[in-house]
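This report describes selected local and overall features of a two-chain structure. The sequence and the structure are shown first, and the description follows.

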Amino acid sequence: MRLRLVWIAASFMLLVLGSVGPAAAQPAGTLVVGAVAEPVNLDAAQVTDFNSTRVIRRITEALVAFPDNSTQLIPGLAESWTVGRDGLSYTFKLRRGVRFHDGTPFNAEAVKFSFERQIHPDHPFNKLGKYPFASFNFGTIKSVEAVDEHTVQFVMKEPRASFLTIMAGAAANIVSPTAVKKWGADYPNHPVGTGPFRFVSWDRGQRIVLEKNPDYWKGPVKVERVIVRPIVEDQARLTELLTGNLDLAVNLPPDFIAQLENHPKITVLRGQGAHVWYLGINNQKKPFDDKRVRQAMNYAVNKEAIVRDVLKGTGLVSAGPVLPGTWGAEPGLKPYPYDPERARKLLAEAGHAGGFATTLWVPESGSGMQSPVAMATVIQSNLKAVGINVALQTMEWGAFLAKLRTKEQEMFALSWAAGNEDPDLVVYPLLHSSQWTPGGPNRALYKNARLDDLLQQARLVTDQAKRAELYRQAQRILVDDPPWIFIDHEIQVGAVSKRVQGFTLHPSFDLRVETISLK
Amino acid sequence: MKTYLVRRLLLVGPVLLGVSVVVFMVLHLSPGDPAEIMLGPQATKEDLERLRTELGLTEPLPVQYARWLGHVVQGDLGRSLWMKRPVLGEVLGRFQATLILTGTALLLSTVGGIALGVASATRPNSLLDRLSAVASLFGVSMPVFWLGIVLMVIFALWLGWLPASGMYSPYGGGDLRDLLAHLALPAVTLAAASVTIVARLTRSTMLETLGQDYIRTARAKGVVERLVVLRHGLRNALIPIVTVVGVQAGYLLGGAVLTETVFAWPGVGTLMVQGILARDFPLVQGCVLVVALCFVLVNLAVDALYAWLDPRIRLE
């Protein structure tokens, strides 16, 4: 009796387990990519997350582009451009003979359409979507004129030195007007562009399938088909990669790297990232309004240990907000050394020899946040060693962002992306006093009159060498009068199976699978 | 019986209304809103305010709720803020995957749990009984996500017997065999806690039943032991077991949220997590409403089962 029942249960389990076999062989020419989350939709103008743009940028393209290894600006769908003398107009000469995947010719009208649907509230297709960054990105555009079939002119309300960089962003991608008119509000699920791959299908929660564009203007694409699978759980993504069900995975947690590096079928890739991870300090609250206190905190934190032990080498110790090696970076900048003795001395000078207590807000996760809680815990113990008692408060990402608008923060952990194209997109919003939260992203409520002045000048000058000099001065000020504790710049980590050839991680966090050939 | 069922069915409306109010309030009162999340740390105040207005978030909560409800009663759950697709289609599209997963897990936990419980009860304090007691403690204490990852590492990574995630293999596949292979780990993970609960309860009620006089009578009549246990014993022990299985069905629907996330199972659970993280209000409300409806219907079915199992119960 007893045995029989156990047998029934056991054979039931076997029935399930018995239907198992080795995974189907990968078809030649198909690349499977593991994404951290499912893209929300595929209209570049209507998304704000990397998981979506990494897919969208395979389908649609912008007038200005980045080469495969840097964020220097090069021609994309525009062959060339000229900037008006006063910086108040930009004229783009468009590439000829390019067609969208649906056969619609790429021309000045398509460019005009792609921007006007975002910026003109009375455009017939404006109401069919929500364009979250339209005013941030394109708010300085007065009008878009189709001069002739292959020439477009953007007229500006005011000069903006970083405009060309913005024109290389995903929101500036050109979409097929025919497709937008055909699908209307449903266009984000039926994207059509000029890119190396065309959209084929989307099984929700399972996969997005792209097929190569045989007429791609840049030349032949070597991968026939790309399948993007959303796999949220890190361990599942890792297992799928190790068992050959994924060819490419990015955003791998630091703890997995050693295991992957020793694996015969996997190659680990590293690449420059685009983030600055910082510990914000409320510069207007006591005792943080004294710059000696902020300097002391920079000396007190052992950044090298965080990068080595928590991030397993997937970070670069930070000396300031601008990414090292980019055109606006000050090469002579040195990170604050770890020197608790000096920190104590500075605190004593500032009248806090006995230390003080404060609160640190930390998100549990979030875009570009690396390992926020583990990192904050190290920072907490470092600060305690010099007498600063920090209480950690961890929060969910959405709640955290909302709370930062209250101006009640004392300290907070945050990171900022898109830092390598133009310092204006980092230093100005984060540190100019006109950008104080809740109006802007200067959540440290930092104010330095000389810095404000330099950043404003750098916005109005169009000569890059002159701008670089202004930004270098600005960075030297920030070392002496630190707004935050500078922590690190993320190093991207990805892993590919050995059949993947010719892939590198792009500094803009784009995922350029069109450069891949499969063995 | 019929009037009872009709009365119960009429209650479904108010229950769902209550659920929708609670979910609406929890979502809207928790810090962070869709605009905040969509725009991220780079948002300016103007961008936020403009987007909030466009999304209709600036109106008073009762107005927003009334408008949403007005659409729902017409069968329109609204459009997802991010996916730009109608919520109803999206949720129903994913619901099949959730049903397959929870259905299999329920079957595993019911069949496995009753079998184990009966086996333990017929030989109390045997090795099997003790092992099952230890396993029960283990099954109930293990968090789903932890157990899922452990099973994944063993069966997918080390042994290579089963795929680690998804519902079908990314290329090809798509047949029943492929589905069962992908279903095995998440279904076992999800069922682990329930199977032990059902087993322990079956054991104790069976022990009680098998001590009754009519069992002794049956044995004295010379009825074979198998029939004594199954027909006279189990059938009479079934009422509390069915109750627990009904409760477990609800538990499994909830547990599917975590299990689906761990195994990238394309069901309502992964959709709901995505929706919560993005504060996609219409999407989360739609998911919860459909899951709640399902839960209410399962409870109704359990009540109906009582009457069938025990004719003395007339559900007055």
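## Backbone exceptions in chain B

B:Asn125 counts as exposed, with 9 C-beta neighbours inside 10 Å; a residue is exposed if 12 or fewer other C-beta atoms lie within 10 Å of its own, buried if there are 20 or more, and partly exposed in between, with C-beta atoms placed from the backbone. The model is predicted, so that local features need pLDDT of at least 70 and side-chain atom pairs count only at pLDDT 80 or more, while totals for chains, interfaces and linings use all residues. Residues are numbered from 1 along each chain as its sequence is written, and chains are lettered from A and ligands numbered from 1 in the order in which they are written.

Although B:Asn125 is not a glycine, its phi is positive, at about 65°. B:Asn125 lies in the loop between α5 and α6 (127-141) of chain B; helices (H or I, at least four residues) and strands (E, at least two) are DSSP runs, numbered from the N terminus. B:Lys84, also not a glycine, has a positive phi of about 60°. B:Lys84 sits in the loop between α4 (61-72) and α5 (87-122) of chain B, and is buried, with 21 other C-beta atoms within 10 Å.

The peptide bond that joins A:Lys286 and A:Pro287 is cis, with omega about 0°. A:Pro287 belongs to the loop between β13 (276-281) and α9 (291-300) of chain A.

Helix α9(A) is mostly covered, as eight of its 10 residues are buried. Among them are A:Val293, A:Met297 and A:Tyr299. The cover over the buried residues of α9(A) includes β13, α11 (340-349), α12 (372-385) and β18 (484-497) of chain A; here two residues are in contact if their C-beta atoms, placed from the backbone, lie within 7 Å.

## An antiparallel sheet in chain A

Four strands of chain A form an open sheet in the order β4-β5-β7-β6, with antiparallel pairing; two strands pair if DSSP finds at least two bridges between them. The edge strands, β4 (78-83) and β6 (141-148) of chain A, each pair on one side only. From one strand to the next, the twist averages 20°; axes are lines fitted to C-alpha atoms, for helices over the stretch in contact, and angles run from 0 to 180 degrees between N-to-C directions. Helix α3 (residues 108-119) of chain A packs on the sheet and touches β5, β6 and β7 of chain A, its direction making about 165° with that of β6(A).

Strands β5(A) and β7 (residues 151-156) of chain A pair in the antiparallel sense over five bridges, and A:Lys93 stands opposite A:Thr151 in β7(A). A:Thr91 is placed in strand β5 (residues 89-94) of chain A and counts as partly exposed, with 17 C-beta neighbours inside 10 Å. Beyond its neighbours within four places in sequence, A:Thr91 is in contact with A:Trp81, A:Thr82, A:Thr151 and A:Gln153.

## Contact between the chains

The contact takes 61 residues from chain A and 66 residues from chain B. On the side of chain A that touches chain B, α1(A) supplies the largest share, eight residues. By class, this side of chain A has 34 nonpolar, 17 polar and 10 charged residues; Ala, Val, Leu, Ile, Met, Phe, Trp, Tyr, Cys and Pro count as nonpolar, Asp, Glu, Lys and Arg as charged, and the others, Gly among them, as polar.
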